[in-house]
Amino acid sequence: MPIMEKEAARERDSQVLPKVPVPPLKQTLDTYLKCVQHLVKEEQFRKTKAVVEKFGAPGGVGEVLQKKLLERREKTNNWVYDYWLEDMYLNNRLALPVNSSPVMVFPKQTFRDQKDALRFAARIIRGVLDYKALIDARALPVDFARGQLAGTPLCMEQYYRLFTSYRYPGLKTDALKVQMNAASSVPEHIIVACKDQFFVLDVAANSKQLNETEIFSQLEKILKMSENAEERLPPFGLLTSDGRTEWAQARDVLTKDQTNRDSLALIESCICLVCLDEPSRLEPRDTTRALLMLHGGGREKNGANRWYDKSMQFVVGMDGICGVVCEHSAFEGIVLVQCSEYVMKYITGTPSKMAAASSVRQLPPPKRLLWKCNAHIHGLLTASGDRLQKLVNNLDMDVFKFNTYGKDFIKKQKMSPDAFIQVALQLAFFKCRGRLVSTYESASIRRFQEGRVDNIRSATPEALAFVQSMTDERVTFTDSEKMKRLRDAINAQTSYTIAAITGMAIDNHLLGLLRISKELNMEKPEIFCDETFAASNHFILSTSQVPTTVEMFCCYGPVVTNGYGACYNPQSDHILFCVSSFWENTETSSAVYVKALNEGLLEIRDLCNRSSAAASKSASSGRGAGPPHKSGK
Ligand code: COA
């Protein structure tokens, strides 16, 4: 599609959507206090309350900042976008694998031999090119919201970044660059990683895209070239697995040399990576496959066979362990799922298009990317490899399929499945630690122009009341009291969800107020220096619903050293949970959390079943004995 038309289509896509609102100041401050009161000590809360009240007082700092935010809303498509992107991703200095990049794990594939694996990779590439053609033509059907407040159209911007983005490391902050208007005449390429070497696979020759057989034959050449030990270059991909500042420093060293600059430029401008992984020699259980997608198994396995800055990396292991690694700053897991499912359906649903020999062109072999190395760079590579190894050794992952029930049972209780699962996650945490902690659940705000996410703070006071009633050994709560508390907790969670997806949550708003104060060169308002504010942004539980319709699952690591990542995929008759934490931290254990989660889910089911049985018994005894009750007054 010509650039002008593309621009027009983009404009059309986003113009119909409203702008993200700025919630009323008082509403946010009241909600903030409600969210933190039961999570901090009484004394600390008293201080926080005073600070918040001062901030929100008529004529106070809050009013000034709120006014500025409202002005910013007028001037921009999405007032929070840049602030959020920097705060959530670009300013974060942690390494991308485990800490930031989510992955999709495909079902284990059965490959008879290497050729089979290459055929699978060739099909992935064809699927990606098909999907990219739809995106480029702006022909993807617009998504509509499902679940809560279903039916409204959603912003499609994130899709346009799938194959056009690159996250550049920076010394203080990274930069996400998107080539929106790449001239269509520029030949496109994919980078294929194999044995830690990188190859340029041009996806078209003489203006015609490669067919599946041609891609397969190019991949065969790549495999062969990578086997030549004499030409093998050091594992430069390791550098991208390092902390962002370390990688930025290393990149400055690399770019002193023209050969390195050329190689970097080719990686930075590719559509995506396809990583042909060595066999892991590990039992391919769900948990193992999840770990291998998250970090590649470190430098001894496939940890260097990656380029973490690039948004999409499709991994094809020779042992059938496959999936996608995604750099998160450009889009959310939901878009990653859509793309992964399209590619998987392409592979399983369309017959292989191995072309007739006559239509297969003789193509020049793909080029290997060259690197210039010296002692200094060798040292950097070793240091990056060591740090990746630490990350690998530290990740405690447990993929748990809860088989007893799924969404259907929860819907029968007339409860929101997502809210129910969130309450169960709270119960599990409470069982492990006897308290609740600041919790993050991502809520999509794609109902708005350029919308990304805000936070549902799931550790509600109502959830606390419920989990206390389920665990208190001193006081026995009746089933009806527990059931009432469960309903209250689910209602509170559902209301928060609705507030969040309609742009009325508090995290983006508070971030906006803080950032505006910085822009005005004001002294940092007390509300943001407060201990409670820091604690409320330290998400010990980082959770997210990432549902799939094809057999595959998403997972990610914890966001703080003493926390859990909990990604879940609710299906009609089961729920898949991917729980992660760090071994290093003695307070967390994924297995212990999963055990508590299993127990909690069973206890809640039993409670619901007992309550319905009691309700139907009382209804039937009501019918059997004495005059029928009149309904109403
Ligand atoms: N009784 C019966 N059924 C109910 C119900 C009730 N009280 N409440 C909800 N349901 C049904 C819904 O109608 C929906 O039905 P469907 O399966 O036919 O679509 C289903 O249960 C699921 O709804 P619910 O569980 O309430 O959640 P949701 O789908 O609205 O999801 C969020 C809630 C917060 C997860 C969602 O809004 C969201 O933001 N998702 C994006 C998360 C994200 O970005 N993840 C990736 C991060 S990288």
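Helix α15 (residues 417–433) packs against helix α17 (residues 479–501) at an angle of about 115 degrees, and their axes lie 9 Å apart. Here, axes are lines fitted to C-alpha atoms, for helices over the stretch in contact, and angles run from 0 to 180 degrees between N-to-C directions. The crossing is right-handed, a term used when the near helix is turned clockwise from the far one by less than a right angle. On the α15 side, the contact (heavy atoms within 4.5 Å) is made by A419, F420, Q422 and V423, and on the α17 side by L486, A489, I490, Q493 and T494. Sorted by class, this contact has 6 nonpolar, 3 polar and no charged residues.

The model is predicted, so local features need pLDDT of at least 70 and side-chain atom pairs count only at pLDDT 80 or more, while totals for chains, interfaces and linings use all residues. Residues are numbered from 1 along each chain as its sequence is written, and side-chain values use heavy atoms, with hydrogens and water left out. Helices (H or I, at least four residues) and strands (E, at least two) are DSSP runs, numbered from the N terminus.

An α-helix has 3.6 residues a turn, so residues three or four places apart point the same way.

D174 sits in the loop between β2 and β3 (175–178) and is buried, with a relative accessible area of 4%. Its side chain makes a polar contact (a pair of N or O atoms within 3.5 Å, one able to donate a hydrogen and the other to accept it) with the side chain of R93, at 2.9 Å. The D174 side chain also reaches the backbone nitrogen of G170 at 2.9 Å.

S241 lies in the loop between α8 (212–227) and α9, and counts as buried at 3% relative accessibility. A polar atom of the S241 side chain is 2.7 Å from the backbone oxygen of L238. Leaving aside neighbours within four places in sequence, S241 is in contact with A95, P97, Y308, S384 and L388.

Notes. Ala, Val, Leu, Ile, Met, Phe, Trp, Tyr, Cys and Pro count as nonpolar, Asp, Glu, Lys and Arg as charged, and the others, Gly among them, as polar. Buried means under 20% relative accessible area, exposed over 50%, partly exposed in between (1.4 Å probe, protein chains only).
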